[in-house]
Amino acid sequence: MQGVPWWGVVSSAAAPVLMVGGWTAAADLQPRFDPVSETVSSLAAPGATDRWVMTLTFVVVGLCYIVTAVALRPARTTGRLILIVGAVAGMLVAVNPEQPGDPYPWPHIICASIGLAGVATWPAGAWRRGAAAPWGLRPRVAATAVAVLLAMVAWFAVELVTGAAQTGLAERFAGAGQALWPLTVVLSCVLPGRGGTRLTPVLGLRAQATSGAAHTGRRN
């Protein structure tokens, strides 16, 4: 089973840091903002102070997801493609922001819905069977991850539809959970342990070491 290259580890670790850092910085720039009741999308809407911060966050985090999907070679292709679709849809949220006074900004709603669904369900298409499969890609783990991620998305949807007071909190839980799971899967692939694969050798050093050991053994 192929390993995950180092740049996939970097992108998967960067996504949650950039997401949380981005929405925190964007919220701090607002004269008044309640992160518990107000959505992240409102930070990128016309009229928000320095809305480019949240807009850029959507784009950069989406790029991190795409890079991670490309690097996640131990996962099945279907799951990786679903993650890419979700990432692209999330990036399109940046160019289809909420509009002040429009209760149903459909381009924004459609892009956000596809993005949330894709980044929540990709483990369902990425799982692997067998003893060599990293634990983060095993069927039961993948199914549990999808169930938990979809539950958080459902909480956000209920809060959004009912106009409850914790819409922003629910969205942040869902976003953070979705950003952390690719990192969790990558770590299950690269850290030593049962079913884990190795990080792809950097500059071929491991391959050279193995080759050298083999030649030494033949000479002995």
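# Rings, helices and a pocket

A: A search of the whole structure, which is a predicted model, finds two aromatic pairs.

Q: How is the pair of Y104 and W106 arranged?

A: Y104 and W106 are stacked, with 6.1 Å from centre to centre and 15° between the planes.

Q: Are Y104 and W106 buried or exposed?

A: Y104 is exposed, and W106 is exposed as well.

Q: And which residues form the tilted pair?

A: The tilted pair consists of W155 and F173, with 5.7 Å from centre to centre and an angle of 50° between the planes. This pair links distant parts of the chain, since W155 belongs to helix α6 and F173 to helix α7, 18 residues apart.

Q: What about the overall fold; how many helices and strands does the protein chain have?

A: The protein chain has eight helices and zero strands. From the N terminus on, the elements therefore run α-α-α-α-α-α-α-α.

Q: What percentage of the residues is buried?

A: Buried residues make up 41% of the 220 residues in the protein chain.

Q: And what share of the contacts joins residues 24 or more positions apart?

A: Among contacts with a separation of 6 or more, such residues account for 69%.

Q: Which residues of α2 are buried?

A: The buried residues of α2 include V53, M54, T57, F58, V61, C64, Y65 and T68.

Q: Why might residues a few places apart in a helix point the same way?

A: An α-helix has 3.6 residues a turn, so residues three or four places apart point the same way.

Q: What do the buried residues of α2 pack against?

A: The buried residues of α2 pack against α1 (6-28), α3 (77-95), α4 (106-121) and α7 (167-190).

Q: Then α4; how does its expected span compare with the distance between its ends?

A: The 16 residues of α4 should span 22 Å at 1.5 Å a residue, and its end C-alpha atoms are 22 Å apart, which agrees.

Q: Which residues of α4 are buried, and what covers them?

A: In α4, the buried residues are H108, C111, G115, G118, V119 and A120. What covers them includes α2, α3, α5 (123-126), α6 (139-162) and α7.

Q: Now the largest pocket. What is its volume?

A: The largest pocket has a volume of about 900 Å³.

Q: Which residues lie nearest its centre?

A: The lining of the largest pocket has 37 residues, and S41, A112, L116, F156 and E171 lie nearest the centre.

Q: Which helices supply the lining?

A: At least two lining residues come from each of α1, α2, α3, α4, α6 and α7. The largest share is that of α4, with eight residues.

Q: What about the loops; where is T39, and what does T39 touch?

A: T39 lies in the loop between α1 and α2. T39 is buried, because its relative accessible area is 11%. Leaving aside residues up to four places away in sequence, T39 touches F33, E98, F156, L160, T167, G168, E171 and R172.

Q: Where is D50, and what is its phi?

A: D50 is found in the loop between α1 and α2. Its phi is near 50°, a positive value in a residue other than glycine. Most residues other than glycine have a negative phi. D50 counts as partly exposed, at 37% relative accessibility.

Q: Last one: is P134 buried or exposed?

A: P134, in the loop between α5 and α6, is buried, with a relative accessible area of 0%. The C-alpha atoms of P134 and P74 are separated by 7.9 Å, and the two residues are 60 residues apart along the chain.

Terms used: Residues numbered from 1 in each chain as written. Predicted model: local features only at pLDDT ≥ 70, side-chain atom pairs only at ≥ 80, totals over all residues. Heavy atoms only, no water. Buried < 20%, exposed > 50% of the residue type's maximum accessible area, 1.4 Å probe, protein only. Helix = DSSP H or I, 4+ residues; strand = E, 2+ residues; numbered from the N terminus. Contact = heavy atoms within 4.5 Å. Expected span 1.5 Å × (residues − 1). Phe/Tyr/Trp six-rings, centres within 6.5 Å; stacked < 30°, edge-to-face > 60°. 1 Å grid on protein atoms, 1.4 Å probe; cavity = no way out; pocket = protein on both sides within 12 Å on 5 of 7 lines; lining within 4 Å. Points joined across faces, edges and corners; volume = space filled by probe spheres on them.
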